[in-house]
Amino acid sequence: MKLLSDDEFFGGGSAGGGSNLLSDDQFMGGGATTAEPVQNRSFIDDMTKKRAAAPAATGSDEEFVGAAAKPAPQASGGGFIDQAKKGFIAGLVDQNPQMVGNAMEAIAELSEPEGAKHAGDIIGGMVPIKPGAKVRPIEEAPKRLRELAEQVKEWGKQGSETRQPNVPSFTSIRTDGLSNMIGDAADYAGYLIGSGVGTSAPSIAAGVAGAAATKSPLGFLASAAGPSYVQNLGDTYGALLENEGVQKAMADGKITRKQVASIAAEAAVPMAALDAVSLEGVIGLNATGLKQTIVKRLMQRVVTGALTEGTTEGVQQVIQEAALDVAGGDKTLAQQAVSVIDNAIGGALAGGTMSAGASP
């Protein structure tokens, strides 16, 4: 029996041998094709050839080697109009429900009885109840209100992460190039205008309805004050609870959650009054019929609305920052100044826009 040499076994065959080694393709099934010299071949060369022969639909390395293709990151929408739309929707369906939910939670805290004696005093002040009648525990109302508040806040949070501003503060505007600065400034202004109009919508709607019913600006003031108070209470209470300094003060027993709610409730009174007065001036229900050109009157209204609402929002933020200090907040003076300026700018932009829209 004749043993084959290495060359015969790997490619020469039993008939006549041969000195050329089979290529990988021939060895793995290339059949009788002529052997290809294997000089200086490498794994990379083989993969390059296979990649070139792959179907055109195979467009990435991940797909070629078999891994699932990773989705390309979606760029966040930019531009004045896009940010204005996003801000309006965020103000209307995100911020408003969250402010209302926070306000409900604050009211629940304030209505919570402080021990048995307080609960007895509350019950004693009620109309006498017939014997045998069912009476719900006095603690049940705050509990139910808290549960409802959580539902309202959760509703406001749905999708809110997709409606965040591209430029959240004037300090975030880039200054490394003129195009970047203009683009960021447009995004910043657009979002503030949209958000300001969206959050003002409930107060304006209530005020207009009140003015229509009473045929007087006083009807607007009285009707707009209610929704405005709820919004400012919720906004301030939420801001206090989110502050780390206030959280630490509550954890250390220096202040209670009920006291925080009380501080927010007191701060919301002047804030709501400022809102009602400024909104009445912004939409101009008491505007006189001055005989002016349309352009001149429009510009007057825009400037007046911007100054009025800008000042109002700035003062309101000062009040909120003061409430934060009373509750044990830890914001620095610089951070407080940035918040005040951002709110003043937002108020001015939104106020000017609403005045222009309401101008006859």
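**Confidence and salt bridges**

Confidence in the protein is lowest in helix α4 (residues 61-65), with a mean of 41, and highest in helix α10 (residues 244-251), at 95. These scores are pLDDT, the predictor's confidence in each residue, from 0 to 100; helices are DSSP runs (H or I, at least four residues), numbered from the N terminus. Over residues 56-75 the pLDDT is below 50, and this stretch has 14 contacts in the model beyond near neighbours in sequence, a contact being heavy atoms within 4.5 Å.

This is a predicted model: local features need pLDDT of at least 70, side-chain atom pairs count only at pLDDT 80 or more, and totals for chains, interfaces and linings use all residues. Residues are numbered from 1 along each chain as its sequence is written, and side-chain values use heavy atoms, with hydrogens and water left out.

How many salt bridges does the structure hold? There are 11, each a side-chain nitrogen of Lys or Arg within 4 Å of a carboxyl oxygen of Asp or Glu. In one of them, D94 meets R163 at 2.8 Å, N to O. D94 lies in helix α5 and R163 in the loop between α7 (140-157) and α8 (178-214), so this pair ties together parts 69 residues apart in sequence. Are D94 and R163 buried or exposed? Both are buried, where buried means under 20% relative accessible area, exposed over 50%, and partly exposed in between (1.4 Å probe, protein chains only).

K248 pairs with D252, their closest N and O atoms being 2.9 Å apart. K248 counts as exposed because its relative accessibility is 52%, while D252, at 43%, is partly exposed.

Terms used: Helix = DSSP H or I, 4+ residues; strand = E, 2+ residues; numbered from the N terminus.
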